[in-house]
Amino acid sequence: MNTTMNNFFNPVEERYSADEIAAVQQKRLCAMVRHTDQNNAYFHRRYQAAGVDSAGFRGLDDLQALPFMSKIDFREQYPDAMCCVPKNTIAEMHMSSGSTGTPVVMLYTLNDVNQWAECMARCYCMAGAKPGDVVQITPGLGLFNGGFGCFHGARKLGTFIVPTGPGNTQRQITLAKDMKTNVIVSVVSYGIRIMEMAQQMNADLPDLKIGIFGAETFSPAMKERISSGLGIEVFDIYGMTETGGIGTLGQDCCAHNGIHVWEDHYIVEIIDPTTKQPIADGEMGELVITSITREAIPIIRFRTGDLTRVLSRKTCECGRTHVRLAPISGRVDDMLIIKGVNFFPSQVEQSLMKIPGVLPQYRIIVNDNHGVMEMYIEVEAEPGVTGHQVVKQLREDLGFAPDGDVFPPGSIPRQEGKAKRVIYKKDGMDI
Ligand code: DLL
């Protein structure tokens, strides 16, 4: 489609030269290390333990001397022991619950909210949105960062906001039609739900042109399904609670050749998750992020757990100069090993979506059968598609044949938030 090749929210910073990016990172990183060291006991302790003296810190050359952080730090310092600003300057909070107990809390000063809005406004523009467009926000407007990030960015860009949040999918479609929604933002699996409902209702949405989806891995084949199902251009937006939320880490542009990370706000490293050593551009590894413009809770060498690789550092055909990452292929701890084959759930999705008549609702059941890992695939399909076809395609793509079967449309339970695609069992029992 390639509608808007050069739609910048911030044409200067989005096109900084490599030298300008390095200079701004250098200055901001030094300031951030001093800020965290001087204003927070947790950061100070960690720097001391690592032998880092913030007064003598030299910037990018010393980056690798800084200790790593992870979600564990957020949980241990719950709720606000990582906060680096006076309590009365906090303007907002968001939180992700995750799977294990203590939530991750992110606090924002007004400057942090503005930084988020700037990143999100850049993402909207990068997808071709403009002031006056109608933006329908389907991620929850609550503790989850998705809805508010969409809101702050849309307000900054100057669009008409339709803040539906998730749920009541039939009404979403009616509103999209009646309000002439141009841009819809959604968690991937809810985007699929919207597409299914629009098809069921036989809805015509001629104004809807742009779909911005994220929060979950989605295969190129799924992107294609959503794009053709809704007749829209699909963009892959990235971010997480710890970086400040949706859009903070960027999005792909109309060239659809990788996620541009806003390098004037975040420093990107890719490491080998086992050795923790940096790895070369092009090699798959764990993404490590340092935020250099956030005040309340900055992150310094935060191990995201997400796996990706640097696709390119060259200027993109869209004109942006910021580094491009491959779409997230999974989390470090999501990799499945079945019958000696290592793969990610997104590869199963890519394989399933190749089969004509297979629908985008599926589950991967992984059973530890007395120490032997087995996989069973459940996928919805139109009449005529057989389980045999599914197993054959998976065998071709993954190199082994898991069990699997097809089910009629509507059989697999839908979720409003992020979908739980992989169900783990032990000896056939839920765990
Ligand atoms: O999911 C932020 C977000 C909301 C992004 C809506 C995009 C759209 P968390 O709940 O903290 O925040 O989850 C962050 O979700 O570490 C990734 O594992 C995953 N994730 C986020 N975006 C993508 C994406 C939001 N585009 C975690 N592709 C991250 C793949 C993604 N995974």
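In the predicted model, Gln-251 touches Cys-123, Met-126, Ala-127, Ile-212, Phe-235, Asp-236, Ile-237, Gly-258, Ile-259 and His-260, when residues up to four places away in sequence are not counted (contact: heavy atoms within 4.5 Å). Residues are numbered from 1 along each chain as its sequence is written, and side-chain values use heavy atoms, with hydrogens and water left out. Because the model is predicted, local features need pLDDT of at least 70 and side-chain atom pairs count only at pLDDT 80 or more, while totals for chains, interfaces and linings use all residues.

Gln-251 is located in strand β8, residues 245–252 (helices, H or I of at least four residues, and strands, E of at least two, are DSSP runs numbered from the N terminus). Gln-251 counts as buried because its relative accessibility is 0% (buried: under 20% relative accessible area; exposed: over 50%; partly exposed: in between; 1.4 Å probe, protein chains only). A polar atom of the Gln-251 side chain lies 2.9 Å from the backbone oxygen of Cys-123.

Helix α4 (residues 110–126) packs against helix α5 (residues 145–157) at an angle of about 75°, and the axes are 7 Å apart (axes are lines fitted to C-alpha atoms, for helices over the stretch in contact, and angles run from 0 to 180 degrees between N-to-C directions). The two helices, α4 and α5, are therefore roughly perpendicular to each other (65 to 115 degrees; under 35 is roughly parallel, over 145 roughly antiparallel and the rest oblique). By class, the contact of α4 with α5 has 11 nonpolar, five polar and two charged residues (nonpolar: Ala, Val, Leu, Ile, Met, Phe, Trp, Tyr, Cys and Pro; charged: Asp, Glu, Lys and Arg; polar: the others, Gly among them). The residues that meet include Trp-116 and Tyr-124 in α4 and Phe-148 and His-152 in α5.

An open sheet of nine strands with mixed pairing has the order β4-β3-β5-β6-β7-β8-β9-β14-β13 (strands pair if DSSP finds at least two bridges between them). Strands β4 (160–162) and β13 (310–312) stand at the edges with a single partner strand each, so one side of each is left without a neighbour in the sheet. Strands β13 and β14 (residues 324–325) run antiparallel and are joined by two bridges; Ser-312 has Arg-324 in β14 as its bridge partner.

Another open sheet consists of four strands in the order β10-β11-β12-β15, with antiparallel pairing. Its edge strands, β10 (266–271) and β15 (330–331), each pair on one side only. Strand β12 (residues 302–308) pairs with β15 in the antiparallel sense over two bridges, and the bridge partner of Asp-306 in β15 is Arg-331.

How values were computed
A polar contact is a pair of N or O atoms within 3.5 Å; within protein, one must be able to donate a hydrogen and the other to accept it, and residues adjacent in sequence count only if both atoms are side-chain atoms.
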